[in-house]
Amino acid sequence: FPADHLLIICCGRVKVTAASTEGRLLLLRIAAPGDFLGLAALLQNAPYRITAEALEPCIIKSVPRADFTRFMTTYPDVGHSIVQALAREYNGAVLTARRLALNISAAGKLASTLLDMARTEELDNCPAQSNLPLSFLMPLTHEELGSMAGLSRETVSRLLTRFRREDLVHQTRDRMTLKQP
C-alpha cells in the first residue's frame, strides 16, 4: 500500500532500519526531533520501505497525505524545508553506502560508524578534522551497532575492547566519547 502519512518526530529518538528479502536488518540511522519519517515514500506515492522503532518515549506527529499535500500547495515555501529533509536523507544514505563499501577493515567500518553518529548528534557543529573529543549518546547494543557498520556483534565487541585498550574511546553507561576523532 502507498504511504498514507508523514511522521514527524517531535520528541525522542527512533531507530530506522531497512530489511532485505531474507529478513536481515540494516540499521540506517537514529532519527531525532525534527526528522521526518516516510517523506520519500509519501512524495513518491510508494510503500514505506523502512521500519522505525522508538528507542525511548517519543512524541510523533502523524500528518495524513492529503493534509500534507494541501499544506505544501498552500505554502509553496515549505518546499525548501522538504528539499532540506530529503537532502539529509540522501546524505545519510551516502554515508551508509560509503561506510559499508569503502572501508576495507572492520576497524575502519566501526570507527567510521562511530564518527558519523557523533557528528550527527553534534549537528555538524564540530569541525570534521578536529582532534577535540566527541561525546554522544550511544543507545545501541553491540548487535545494532554491528548492523549499522556491516559487522557481527562479536567483531564490534572485540573492536570496542581494542579501541578502549588503545585509549581511543571511553564509554560510561549510555555515553560514548571518541577521544581522538
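Leu 39 is part of helix α1, which covers residues 39-44. In this predicted model, Leu 39 counts as buried because its relative accessibility is 0%, and buried means under 20%.

**Around Leu 39**

- Once neighbours within four places in sequence are set aside, Leu 39 is in contact with Leu 6, Phe 68, Ile 82, Ala 85, Leu 86 and Glu 89.
- How far apart are Leu 39 and Glu 56 in space? Their C-alpha atoms are 22 Å apart, and 17 residues separate the two in sequence.

**The sheet of β4, β1 and β6**

- Three strands make up an open sheet with antiparallel pairing, and their order is β4-β1-β6.
- At the edges are β4 (36-37) and β6 (59-64), each of which pairs on one side only.
- Strand β1, residues 5-11, is joined to β6 by six bridges in the antiparallel sense.
- Ile 9 has Ile 60 in β6 as its bridge partner.
- Helix α2, made of residues 65-74, packs on this sheet and touches β1 and β6. The direction of α2 makes about 80° with that of β6.

**Strand β2 and its partners**

- Five of the six residues of β2 are buried, so this strand is mostly covered, buried being under 20% relative accessible area.
- β2 and β3 run antiparallel and are joined by six bridges.
- Which residue in β3 is the bridge partner of Lys 15? That partner is Ile 30.
- β2 and β3 form a hairpin with five residues between the strands, and there Gly 23 takes a positive phi near 90°.
- On β5, too, β2 has an antiparallel partner, with four bridges joining the two.
- Val 16 stands opposite Ala 52 in β5.

**The sheet of β7, β9 and β8**

- Another open sheet has three strands in the order β7-β9-β8, again with antiparallel pairing.
- Why is one side of β7 and of β8 left without a neighbour in the sheet? Both β7 and β8 (169-172) stand at the edges and have a single partner strand each, so one side of each has no neighbour there.
- From one strand to the next, the twist averages 20°.
- Four bridges join β8 to β9, residues 175-178, and these strands run antiparallel.
- Val 169 stands opposite Leu 178 in β9.

- Asp 116 has its place in helix α4.
- Is Asp 116 buried or exposed? Asp 116 counts as buried because its relative accessibility is 13%, below the cut-off of 20%.
- Apart from residues up to four places away in sequence, Asp 116 touches Leu 95, Arg 98 and Arg 99.
- Helix α5, residues 142-149, is mostly covered, with six of its eight residues buried.
- The buried residues in α5 are Glu 144, Leu 145, Gly 146, Ser 147, Met 148 and Ala 149.
- After α5 comes Gly 150, which has a positive phi near 75°.

**The largest pocket**

- Rolling a probe the size of a water molecule over the atoms shows where empty space is left.
- The largest pocket holds about 1,400 Å³ of space.
- Its lining has 41 residues, and those closest to its centre are Arg 29, Ile 30, Arg 88, Glu 89 and Gly 92.
- Two or more residues of the lining come from each of β2 (14-19), β3 (25-31), α1, α3 (78-102), α4 (106-121) and β7 (134-137).
- Which element gives the most to the lining of the largest pocket? That is α3, with nine residues.
- By class, the lining of the largest pocket has 22 nonpolar, eight polar and 11 charged residues.

**The second largest pocket**

- The second largest pocket holds about 480 Å³ of space.
- Among the 20 residues that line the second largest pocket, Arg 24, Leu 25, Leu 26, Leu 27 and Ser 147 are the closest to its centre.
- Its lining takes at least two residues from each of β2, β3, β5 (51-54) and α5.
- The lining of the second largest pocket divides into seven nonpolar, seven polar and six charged residues.

Definitions and conventions: Residues numbered from 1 in each chain as written. Predicted model: local features only at pLDDT ≥ 70, side-chain atom pairs only at ≥ 80, totals over all residues. Heavy atoms only, no water. Pairing = 2+ DSSP bridges. Contact = heavy atoms within 4.5 Å. Axes fitted to C-alpha atoms, helices over the stretch in contact; angles between N-to-C directions. Buried < 20%, exposed > 50% of the residue type's maximum accessible area, 1.4 Å probe, protein only. 1 Å grid on protein atoms, 1.4 Å probe; cavity = no way out; pocket = protein on both sides within 12 Å on 5 of 7 lines; lining within 4 Å. Points joined across faces, edges and corners; volume = space filled by probe spheres on them. Nonpolar A, V, L, I, M, F, W, Y, C, P; charged D, E, K, R; others polar.
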